[in-house]
Protein chains: 2
Amino acid sequence: MKAEIIAVGTELLLGQVVNTNATFLSEELADLGIEVYYHTVVGDNLQRLLDVLNEAEQRSDLIVLCGGLGPTEDDLTKDGVALHIQKELVQDPDGMEKLQEFFRFSKRKMTPNNLQQALIIEGGISIPNPTGLAVGTLVTARDTSYLLLPGPPSELKPMVFQHVRPLLKELFPTKEQLMSRVLRFYGIGESQLVTDLKELIDQQTNPTLAPYAKPNEVTLRLTAKVSSEATGEAMLQQLEDQVLALVGEFFYGYGDENTLEETTVKLLTEHGKTLAAAESLTAGLFQSMIGNVSGASKVLKGGVVTYSAEMKTALLGVPERLIKEHGTVSEACAIAMADGTLKLTDADLAVSFTGAAGPDELEGHPPGTVWIGLAQKGQPTIAEQYHFNRDRQYVRYSAAMKGLDLIRRAVLKEK
Amino acid sequence: MKAEIIAVGTELLLGQVVNTNATFLSEELADLGIEVYYHTVVGDNLQRLLDVLNEAEQRSDLIVLCGGLGPTEDDLTKDGVALHIQKELVQDPDGMEKLQEFFRFSKRKMTPNNLQQALIIEGGISIPNPTGLAVGTLVTARDTSYLLLPGPPSELKPMVFQHVRPLLKELFPTKEQLMSRVLRFYGIGESQLVTDLKELIDQQTNPTLAPYAKPNEVTLRLTAKVSSEATGEAMLQQLEDQVLALVGEFFYGYGDENTLEETTVKLLTEHGKTLAAAESLTAGLFQSMIGNVSGASKVLKGGVVTYSAEMKTALLGVPERLIKEHGTVSEACAIAMADGTLKLTDADLAVSFTGAAGPDELEGHPPGTVWIGLAQKGQPTIAEQYHFNRDRQYVRYSAAMKGLDLIRRAVLKEK
């Protein structure tokens, strides 16, 4: 089974957008046992797209196209493939209904060009778009299959996870299947993780271990090539045990789509605990990350954003004298903020963030200096200092992630 | 002058590495007036590389290859190109000296495979590698030029900046240069923008107009191909005027890297206004977006995250009776939240967010129903209802973006 990926979009050829879609699709196809031999990028130009399709058809069994399914005139991927295999475009009833519903609900006028988003290639399978309006298609002609997917990653990924993976598994079964398990780590860098796991990584053949660094965390993908699911589970479990014996203290959860905030919200929910926060440099980022998890309302009471010193006093009762004496970037201020929040909201746990986000120093502290406070009912309030690196955005994000980990560890400790 | 980029490396096809080199090279080539028509990725396989070179030679004047110049056996880009154009590989004296010097200095033994890093294609120009050992080559055969560059971005970029750019400018002088200007729009979808600008887009030849949709906004890139900067400026200005005459009400700023939050913070700073917020469904996202802008401390006083109904009463003084009568997803609640925030923080403007983020209904309102309130000193407080679509994350982000736009418009109106 030979596959290739064609991304369609002039913005890629101008260097305005990075082709992360090809990377994502390659990973997913590899995981399904489908080998990718080429990536191509071609602009929004019908003749060049046709040339590329001609070439691809001669060498591949599966051609995955992404981009160019939208409503504008330069979205011509469907036209191109239809022309190439000499089929017509037809309306997809479900896609059409969703399109009309969208414009009815948002009370916006639907311009006629939107209709092309609900077209699929005649004889093809329509693939629903969980987060967008352009439907995908899988169509086979002259022994080659064409899979047409949307370009925006926010649409592409849900479509692949929910619909494309099951479809490809069914249509192109592989005798040997790949089974994988993703372990997630917080508090350890990729290079340290790889060093700690060096022996396991050097020995690996089947199952394999692949680390992947994300901002502020590392995931580790364990993959076994097996003929039965039971064997695979056993192999993965054995390797996981070996990994966790070495770096288990940094492990927080499973899965590609899981996050530290989801793990934290789930844990708080299970323990029936409520949470509040006082944010200075993070300015709402921590609460917003919690709020993004479905079901957050069960645990998040709310809190304050006290960006200025006066607000720390006015909203949280941090004494003016304390700020004068210790400054806002201090252990004392972080503790007073956490205490004030616990009192104000009557939550079970309250976390506070104060520090210098950068790019400038704050009160003589270099950018990246952050104090995080943690108050819990019936326990002494504590605060710790951290030094985060890089730019403003990264410092703020690193602080919020550290806050999540502190909460998670505090709740786990209570058990 | 038609160019294309070929990246060589199996790791790209496995999805382990993102092809940022193609993006970087495309930007650089566009800047030099060289048009890129294709990107290709091919694995470390000689036959497939030869096939790709054959295809590329038929359609391009300049073929830029990156990756595969290193010392290991799977580094075969030089061999591939040499075979393709029937030339030999020869030693580059400068490259060889650098190589020997490196191993002498680092007191490491040089394994023989390192020698291939100092080879170039016979008849080609050797390109020094400022940060690595593998030399680059530019060689021309049968009217096509082949530019071989290293894969690691830390080697590629310095080589391009210091040596490749001057070389290409000299060898392929373009009389014409590309000038571009990016306009940013909020409050209009891509399909509507394209419909409104249809006549301009249909007529375009030079300058050209390219829309690009991002979550919740659209950018429009105006690009002119010109022989003098003054002509370019005039052409772009004329087109911008035509565009803004049609869709100017949605325009908010210039530039690839600019954002609605940056524009808003800048505007508030210029007008000496301070801002506060009360966030329910957005849970801190709005304030966090503001807080991410460097210099936000001048305008953002802070505010509250009142996720639960009790918090709305406890922190903002929203009357319990009001919530009982109207619910939290209501005009009355949004107004009371905005008023309460203005009073609590003494800011010049206060914005409030309350609604159903989803996935479930809230108080009988479908997900995506949002009220946004706006209070300003000395003016009546108002609130408007909006309907946002898609998932929880998108609804929250859409609400925060709308809040930014309301603030921006309110400040502009004051002028």
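Me: How many salt bridges are there between chain B and chain A?

Reply: A salt bridge is a side-chain nitrogen of Lys or Arg within 4 Å of a carboxyl oxygen of Asp or Glu. Between chain B and chain A the count is 1. Glu73(A) and Lys198(B) form a salt bridge through their side chains, at 3.4 Å, N to O. This is a predicted model: local features need pLDDT of at least 70, side-chain atom pairs count only at pLDDT 80 or more, and totals for chains, interfaces and linings use all residues. Residues are numbered from 1 along each chain as its sequence is written, chains are lettered from A and ligands numbered from 1 in the order in which they are written, and side-chain values use heavy atoms, with hydrogens and water left out.

Me: How many residues of each chain are in contact?

Reply: Contact means heavy atoms within 4.5 Å. Here 68 residues of chain B touch 67 residues of chain A by that rule.

Me: What area is buried between chain B and chain A?

Reply: Buried area is the accessible area (1.4 Å probe) that two parts lose on being put together, summed over both. For this pair the value is about 5700 Å², and carbon and sulfur atoms give 55% of that.

Me: How many disulfides are there over all chains?

Reply: A disulfide is a pair of cysteine sulfur atoms within 2.5 Å. The count over all chains is 0. Cys66(B) is in no disulfide; its nearest cysteine sulfur, in Cys66(A), is 19 Å away.

Me: Is Cys66(B) buried or exposed?

Reply: Buried means under 20% relative accessible area, exposed over 50%, partly exposed in between (1.4 Å probe, protein chains only). Cys66(B) is buried, at 2% relative accessibility.
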